[in-house]
Amino acid sequence: MKLSVALLFTTLAFAAEEAPEVRLDAKHQQLFKETCVSCHGPDKQKGKFRIDQLSLKVDTVETAERWQKVLNQINSGEMPPEDKKQPSAAAKTELLDDLSNMMVAARKKLGDQNGVITMRRLNRREYRNSLRELLGVEINVSELPPDGGSSGFDTVGANLFISANQIDQYQQLGREALEEGFAWQLSAPVQKKLHYEGETITPTVRAFIKYQIDAQERAIKWKAAVEAAIAKPENATIVALLKKETNNNASRLRREWARIPGAPNPRDFGFDKKGENDADLANDSLSAGWLKYHQYYAGMPDVERGAYLGTQTRHPAELNLNYIEILVPYDWPVGEYIVRVRTAAVKDAPKERRFLDFGIHARTAKVMATREISGTIENPQVVEFPLTLTRGNATSRDNRLVYLREKGSWDDNDEGGRKRSEAVKRNGVGPELALWVDWVEIERIPNSAKPKPPGFIALNLPLDDKAPAPTTPELRSALERFATEAFRGTKPPATYLDRLLAFYDVRRKAGDKPTAALKETLALVLSSPMFIYLAEPAPDNKKRTLNDQELAVRLSYFLWSAPPDATLRELAQKGELSKPDVLAAQTERLLADPRSKGFLQPFTNQWLGMDRFDFFEVNRALYPRFDTGTKVAAKGEVHETIAHVMRTNASLRDLLKSDYVVINRILAHYYGIEGVKSDDYEKIKLPEGSPRGGLLGMAAIHFMGGNGERTSPVERGAWVLRKLLHDAPPPAPANIPALTRLAGKALQTKERLRAHQEDPQCANCHRKIDPIGFGLENFDAAGQWRTTDSIMALDAAGKPDKKSLKTWTIDSAAALYKGPAFKDYYGLRDIVASKSDAFARGFSEALIEYALGRPIGFRDQPLIDTMVSQGARKDLAFREFIHSLIASPEFHTK
Amino acid sequence: MSLPQTRRHFLRSSSALVALPVLASLGFQRFASAAPVPTPPKRLIFLGFGWGITTESWFPDVKQPGKDYTIPAGLAPLARHKADFSVIQGLWNKYSNDGHWGSTMWLSGANRFAEAGQTFHNSISADQVAAEQLGLSTRFTSLQLNGAENGEASGHGPGLSMAWNASGKPIAGENGPVAAYHRLFAKDNTPIAEQKAMLAQRRSVLDTFVENARDLRRNLSKNDTQKLDEYFQGIREIEVRLSKDEQWLGVPQPKTDLPEPPPGLAGREEIKIMYDIMIAAMRTDSTRVMTYRQPVSTLLTSIGVKVAPHDMSHYHSTMGEKLEASQRRDLAQSELLAGFIDKLKSTKESDGSCLFDHVALAYGSNIRTEHNLDNCPTLVTGRAAGLKLGHNIIAPKDTPLCNAWLAMLRGVGVKAERHGDSSGELTQMVA
C-alpha cells in the first residue's frame, strides 16, 4: 500500500503551537459588578476575597483554584447569598457554562505535559501478553492492582504506579507462568479422548420416577397413620400444644411425630434421611415433586439414543435434567482441548430456544460460548467448542466440570424458576424439551506441532530432571539468551548474569532439583525492571529520535499490547524498520495478525467507556430476552464491528451510521434480522429503515445508557457528546443542590428532565445533554426498539403504585442546543453522522493518547489535524489514522 | 528438601494458641520475667466507605448540638454506644472536585491539580503520618486493608488502599480477609537458621532487582528517573519489611484465637470478619495504625439490595427504591460499626482496661452522597486521643477535614505541626 510520507522526518522540531490562552469572557464582568462586587470588591472584601481583582486570564494553578472556588460557590447555590441581589437565570447559566468549560481548559493547560512521554511499566494486560508471547501460556494476572484509574488510558506512564507488593507479585506471577509453560512443553505430545453418550442419563431418570412413585405411596400411608394418631382423643392435649408450636402447619406437625403417642416412625416406611429428621423425607415424598416432568422426559422419543436438555427440577445431585456435566479427568494435562457435541433441536422447538450454552461449572453459569443448533434428531450436527485448560483448572473440581445447557434456561435460580413456572402455567408440566444431545466428546489436542515459544527456544535446556543438570557455562549462556529474549532484545549486563547464577547455586545448595532452581532463577528475570519497564533513554533530557529497536517495541505494544516478534526484531536489527514503506507494511502485518485484538479490544473498551457495561445486571423480569448469552453477544457486537471496520479498512462513518451490522446468530435473533449463516459474527446488510447499523443502533450502547431497568437519557446524551461528537460536557460538578421536587411522582421522562432546565446550575450542561438522550428513547434499557414507555410512582412505602401507572407514546423529537432540530431517532442519527469530522477528531486523540502513553496536549493539535485531514482524504478509512500516527514525528520521538 | 518459596506457605490455619505477651514491651523486655504491666499503646484506625451516606437520615439534627441530640435513623444501631462516639458536621476537603472519589484524598486533603504539568497529584495520608511514629516498634508499620472487590465499584476512587506515602504515591493493601489474615498470622515454623537463610536470599533477590534497575536508569531523562524512583521506593519498603522480619526473628509469631477466614466472603460477612482481624491485630500488637477501605458494592448485594451502588448514591432524583437502598446501606454499616465497638469494649488489655480505651477511630467518606463533597460524613470514637465523645459536633461550615485528622494525630501522641490543608487543630472535638 502507498502512504503519504511527506511528513516524515522533515524535521523533528515541533510546530510552535502555543497553548491557547485560557480566559473568561469579559462580558461576565457585568454580572460580577451587579451581584458580587458589593461584598467582594473595593468596599468590602468578605472572606478576604475580591472578585474584581481576580484575573480573567487563568495561567497559574493559584488563579485556577480561585476560579474553581467561585464556580463551586455558585454551583452550590451559596453565592450570591439568598437574601442578596440575584443574577438573571440566563446570565447565570451563561456564566456557569463558560466558567465550567474554562476550568476544563485551564486544567488541561496547566496539566499539559508538553509532549513528554513518561516511561511506563507494562500494564496488567501487557504483562500477561508479554509472558504469553515468551512462554506460550496465558496466566491470570487479576491479582495485580488495576491500572490507571485517575483518568485516561491504561498505557499512560504517569498514571502507572508500582508498589512494594507488586514487586513481590511479579515474582510470584513469573514463577506461575514458568510452571505453566514448563507443564505445557512437557505435555505437548499427550493425546486424550473421552466419549459420553447422552442416553447414560435415561436409566437414572427411570429409576428416579420409580422411586418417586413408590416413595409417594409409602408417604401417603405414613401420613394417614400419623393423622390417625393425631385424631385420637387421648392425644388432644399434646396435639393442641404441638399445633401451637408449629403454627398450625400440617406438615410441620407431622414432623413432631415422635411426640405424638401412636404415630409411626417414618423409618418403618422406608424413609431414612441419614441423621436428619426422617419425616422431612416423607413429607417431601408426598408431593413427588416434578414427577410429571420426569415422566414427560422419559416418554420422549429418542431417549434411548441421547439426552434432552431440560429445566432444573430436583437438586442436581439427585437428578439433573438441566445440563450435561462432564469432569475432565484430573490426570489430563494442561493444553488445548476440543469439546465436540453431536446435537439437535427438537422438531417443534421455537427458534429462540435453539441455542446451546457451553461453559465450565454450571452452578455459577459462566457461559464461555453459545451456538445456534440447526441439526435435527434424524440428522444431528456436530458442534465444536475449543477449550484451554491451565494449571488453574486443576485447583478444584469446579474448574474442570465442563457443561452444556440450553441457553438461558437456568442462568440463576430466580430466572430459571420464573421460566419454569411460566411453562407450568402454560402446559401444567414444565418447559418443553427443545435440545437433544447424542454424545459429547472431549479431546486433548497434542501441540507438539506448534512452534516452540521464543522463551523456550532461547532457553534450550532440558525441562525435566531426567537429563543431567546443565554446566555453569551452559546455564550462563542459556540465562543470557532467555533474558535477552525477555528484555525484548536488550542484552543483560554480565554482573546481572553473575547474580542470577549465584542465586541458582543458592537454590541448588538448599536442595532444589536443577529444573526447580532454574524456574526460580528465570522468575527473577520475569520480575526484573528491564522486563517490567519499557524504557527509552534520553540522555541530557533532550528529545531524540527512537532507534529501530525502540520503534519496534513501541509499534508492537501499540498494535498488539505485546512484545515485537522475530520479524520486527530482525527488521529493526537491520535498521530497516524506520523506512516509511517498511514501517507501513509492518503496520499492515501487525494489524492483520490475530494479536491485534490486544490493541482493538482494550482500546475500544477505554475509548468508548465500555467499563460501564459490567456495572450492573439487567432486570430479567423486565427484559427476559437479555440473558447472559445475549449480553455477551451484545458486547461482542461492539468489538466485532470495530474489528470489521479495521479489517476492511472501512470508514469511521460506518460507526455512526451504516447499512449493515456485524452480528452473530444470537443477536440476529434478538434484533429480528435474517441472514447469519455461520456460528461467528458476520456482516449482514440491513433492510431499509432499520434503526440498527452504527454504534447508536447497538444494544450494548443503549444498555450502558441505562441502569438495567430504566433508560438514562442523561447518560446517553453525555456519552454521545463525549464519544461521538467530541464535545465533552464538563465533569459533573460537586455539591449541586439536589432536585428532589419531583421525587415520587409518575412523570414522563421528558417532563422529569425538564426540571434540569429550571436551575442555571443544571441547565448550563443539561440543555446540551438531554435533547440527545430524548432522541434515543426509542431504545429500551436492553437496547430493543420500543414505541411506548411507562412509569409508576412509588407509594409511601417505596413500592410501585399500580394505580399511578402512566403509559405514553415516545416522542423522540428534540433539538440540539443551538443546533438543528430532529423529529425522531433517524433524524438525530443523521445529524450525528454528519459530524464525522468531530468523531474522527475524538478518535485521533484517543489513538494518540493510547499509543504514546501520555495525555493529549496543546502541541498535539497539528498532529490531530494531520490525522483528520489525511483520514478525510481516504473517506476516514480506519487504518489511515493508524498509519498517519505511526508515520508522525511524535511516534518516533522520545 | 526444598526451600519454602515464601514464609506464607507455612501458614497454619488451625486456631491453636497461647496467650499473647504484650509485644509493645517486647523490643527490650522480651526475656524479662518480672516486667511491670506496661501501659497499652495507642492505636489509630480509619474506616472508609466509598459512596457516602443518606444525608437526611444519617446526620443528627444540627439544631441539637452537643450531648442532647436524638439519634438519627441511620445511626440507630449505634444507640447503645451513644455516649462513646461523636458525629462531626461541617468538614470537607476543599480541593476535592471528583464526585466519585470517596477515599483517594479523604485522608490527605490534597489538591489533585496542585502540580503543574500533571493531571494527578496526591500527598501523604494521615495514617501514614501516624505510622512514621507509631509503627516503629510493631511487626507491621501500618496495615492497609481493602475490600476484596475492586475499589472503584465502591466509590473509593483511584488508589491501592486508603494510604498514600510521603511522596503521594499509592500504598498497596491486603484485598479481603484471607489476604489480611495471612499477612498477619502466617505461621512460620521454619527453623531460625533457615529463616535467616531465606532473608539473605530475599536480600540477594532485591540486590539483583536494584542492580537491574540501576542499569535501566542509566541515561534516562530526569522525568523517567523520577518515575523509576517509585520502583526504588518499593524496594526500600520491602527492605524495611525485611529488616523488621529480621528484628522479629525468633519472637514467637503472634497467635490468635481467630480461625482463618474462609475464602469468598463478601459484603457484610467480609466487613465483620475484617473487624475481627483488626481486633486480633491489636490484641497481638502487630500494628498500631490501620486503614480499611470497606466494600460497598458487595455489601449491597449481601443485604439483598439490587440497586447499583452509584445509582443508589443518586437517590435524590427518584427517591423510592434508591433511597431505601441507601438507608439500608446506612443501617448495615452502622450495625457493623456498633458490633466493632462492642468488641473494642469487651476486649481486655493487659492492665485491665479495654481496647476501646486505647483506640482512636474515624469512620467516614469524602463523599456525602451523590456528588456532594461538603459536610463529609465523619464519626469518631475510641478514647485514645482524648476526643470529646457523645456529642453532635457542629464545626463551622467548610472546616478542613484535615483539622480533625490533626486533632486525632496529636491526640494519639503524634507530633505534627499541620496536615494537608489544615488550618489548625479542630479543638471542638477535643475533650
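Modeller: Two residues are in contact if their C-beta atoms, placed from the backbone, lie within 7 Å. By that rule the contact takes 66 residues from chain A and 59 residues from chain B. This is a predicted model, where local features need pLDDT of at least 70, side-chain atom pairs count only at pLDDT 80 or more, and totals for chains, interfaces and linings use all residues. Residues are numbered from 1 along each chain as its sequence is written, with chains lettered from A and ligands numbered from 1 in the order in which they are written.

Colleague: What makes up the side of chain B that touches chain A?
Modeller: That side divides into 22 nonpolar, 22 polar and 15 charged residues. Ala, Val, Leu, Ile, Met, Phe, Trp, Tyr, Cys and Pro count as nonpolar, Asp, Glu, Lys and Arg as charged, and the others, Gly among them, as polar.

Colleague: Why is helix 5 of chain A called oblique to helix 15 of chain A?
Modeller: Their axes come within 8 Å and cross at roughly 130 degrees. Angles under 35 degrees count as roughly parallel, over 145 as roughly antiparallel, 65 to 115 as roughly perpendicular and the rest as oblique. Therefore helix 5 of chain A is oblique to helix 15 of chain A.

Colleague: Which residues meet there?
Modeller: Gln171(A), Gly174(A), Arg175(A), Leu178(A), Glu179(A) and Phe182(A) of helix 5 of chain A meet Lys519(A), Leu522(A) and Ala523(A) of helix 15 of chain A.

Colleague: How do you know that strand 3 and strand 5 of chain B pair?
Modeller: Pairing asks for at least two DSSP bridges, and these strands have four, in the parallel sense.

Key:
Helix = DSSP H or I, 4+ residues; strand = E, 2+ residues; numbered from the N terminus. Axes fitted to C-alpha atoms, helices over the stretch in contact; angles between N-to-C directions.
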